Amino acid sequence: MTLIDPVWTSLLYLAAAVCFILALKGLNSPRTARRGNLVGAFGAVLAVATVFTSVKMDNVPWILGAMVVGSGVAAPVARQVRMTQMPQLVALFNGVGGGAAALVALLELAHTEDRWVRVAIVFTLLVGAVSFAGSAITFSKLQELMTTRPVVFPGLPTLMGAVLLAAVGAAVAVVFSGSLALALLLLVLGLAAGVLLVLPVGGADVPIVISLLNAFTGLAVAASGLVLGNVLLVVAGTLVGASGTILTRAMAAAMGRSVAGILFGAFKGGSTAGSTAVSDRPVRSSSAEDVAVLLGYAQRVIIVPGYGLAVAQGQHTAAELALALEARGIDVDFAIHPVAGRMPGHMNVLLAEANVPYESLKEMGEINSEFRTADVALVVGANDVVNPAAKTTPGSPIYGMPILEVADARQVVFLKRSMRPGFAGIENELMYEPQTTLLFGDAKESLAKVLSAVKALKLS
Amino acid sequence: MDGIALLTITVLAIFVGFEVVSKVSSTLHTPLMSGANAIHGIILVGAIIVAGQASDPWVLAVALLAVVLATANLVGGFVVTDRMLEMFRGRKRVVPPDGKSAAVEAGSKGRTR
């Protein structure tokens, strides 16, 4: 194959880099977001086409085969995954990207004698490995393959410190010796550090960690660009590293948390791990018919959807219930917490998928003052985002997180599967309040029962 | 390219990265994170370069593994972001699998609010 002029290579890479900047810019607004993403994908195709025509390549059939395998696995999964499982898929894709960067750096070690290049190599190895292992743990937490509670054990901070010290030592040794064996050791230490970093993070904070690891992978990719002397990798990686850092801080702020508090909070032990005991205090549980009466004779109902609704695929039933209530002249809104679901904006995506009209979706700041005028707040499969402990219990893991003020409504109805605490693993005092009624069962089934009971009510 | 030029580019890219995502509403945090996630899949370019220069079969095997992982990141990242954003787009209705929400759809059009 004849190769193109290096100037053209640089210009095409520049065009790809501009596409990535425009993609991030486009993702700033709902109107331009989809186009932005397509521009980014175009940039990626352009860059990959360019690399094949710019350097002398062996093994081209093998490489194309590997690309077919990679897209053959990823594209169908990305296309078919249920929207509720999207966060863990993003974590997974992020992890494999970090892993790829680490492998590239490992292979480049043999090709260089330059100490500065080796510095970039050890950085990529370590950060890429942390991102890979950390993402694997976040994936297991979100997929509930392991406990969503913070995993802490005595000596964890000491172990983490020892691993980091050893990693720094190994990194320095690799820079001066170029030893492949030591580089492999560094890779293993990086994997261990990634696991130890994410284990103590509580379930509710996992999305922020995904965002942080996303920024890490960006930095690893940027460093691998320095290793290969490839400007596009440097620019794209740095863009993701920088924007990912800002995004992580914005997400943490939306949940009233600090990034350092999330990563190291559980190290302090104590109440951060949440109370494990499920108390046996009495709660008021009732039947679907009773709930239907409460709803059917209200003036104003605010529905608070949570992850439980999404898991039960109850969005359509919730939308039907809202319509049935509106047919009785009742004012119905959906109150969306910024982190309802598992990630900021996740619930908006899920409800939009279920065809709930946009004008019924109210953001927290808009709806919070309206709970006071609501007769019934119907909490469907949500827990942590309405837990008053966020305001009243300073030791609680969710303390400081802004919540939906459902306690202000005259009546609160929880549709819950069980008394099991929410994702953050803490109890909700609100469930023991006299104004609260609980209806146990799968969110979708409960909604369907309430819906038919509402329809059976005579119009007053 | 010399080190100083690369450093200059890196520093400028940091500022562009900061600037381009400040002031994003929380609704778009998830798609933005997912889009950024897809962009770092461009490590595929690096993996291809390394695989294209490999002569030892073991090196080639590891490089091809990197190509597979990077492609998964790149392709999967853009596809899943597109799916997320599809949901944000206007009122175009998708035929629901259970057929139930036909009623919801008709009803929501008739809403007066």
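Two residues are in contact if their C-beta atoms, placed from the backbone, lie within 7 Å. By that rule, and not counting residues up to four places away in sequence, A47(B) touches A100(A), V104(A), A63(B), A66(B), V67(B) and A70(B).

Before going further, some ground rules. This is a predicted model, in which local features need pLDDT of at least 70 and side-chain atom pairs count only at pLDDT 80 or more, while totals for chains, interfaces and linings use all residues. Residues are numbered from 1 along each chain as its sequence is written, and chains are lettered from A and ligands numbered from 1 in the order in which they are written.

**The core**

A residue is buried if 20 or more other C-beta atoms lie within 10 Å of its own, exposed if 12 or fewer, and partly exposed in between. A nonpolar core is a set of buried Ala, Val, Leu, Ile, Met, Phe, Trp, Tyr and Cys residues joined through C-beta atoms within 7 Å. The largest such core here has 201 residues, and A47(B) is one of those that touch the most other members, along with L186(A), V304(A), V379(A), I42(B) and V67(B).

**Chain A**

Buried residues make up 56% of the 460 residues in chain A. Its C-alpha trace spans about 80 × 50 × 35 Å along the principal axes. The secondary structure comes to 17 helices and 6 strands; these are DSSP runs numbered from the N terminus, with at least four residues (H or I) for a helix and at least two (E) for a strand.

L89(A) lies in helix 4 of chain A and counts as buried because it has 24 C-beta neighbours inside 10 Å. Leaving aside neighbours within four places in sequence, L89(A) is in contact with V77(A), A78(A), V81(A) and V80(B).

Now for the strands. Strand 5 (residues 411–416) of chain A has 5 of its 6 residues buried, so it is largely enclosed by the rest of the structure. Strands pair if DSSP finds at least two bridges between them. Strand 5 of chain A pairs in the parallel sense over 5 bridges with strand 4 (residues 376–380) of chain A, and L378(A) stands opposite V413(A). Strand 5 also pairs in the parallel sense, over 5 bridges, with strand 6 (residues 436–440) of chain A, where T436(A) is the bridge partner of V412(A).

**Where the chains meet**

How many residues of chain A are in contact with chain B? There are 95, and they touch 83 residues of chain B. Helix 9 of chain A supplies the largest share of chain A's side, 19 residues.

**Confidence**

The pLDDT is the predictor's confidence in each residue, from 0 to 100. Its mean for chain B is 79, and 76% of the residues of chain B reach 70 or more. Over residues 90–113 of chain B, the pLDDT is below 50. For the complex, the predictor gives an ipTM of 0.80 and a pTM of 0.79.
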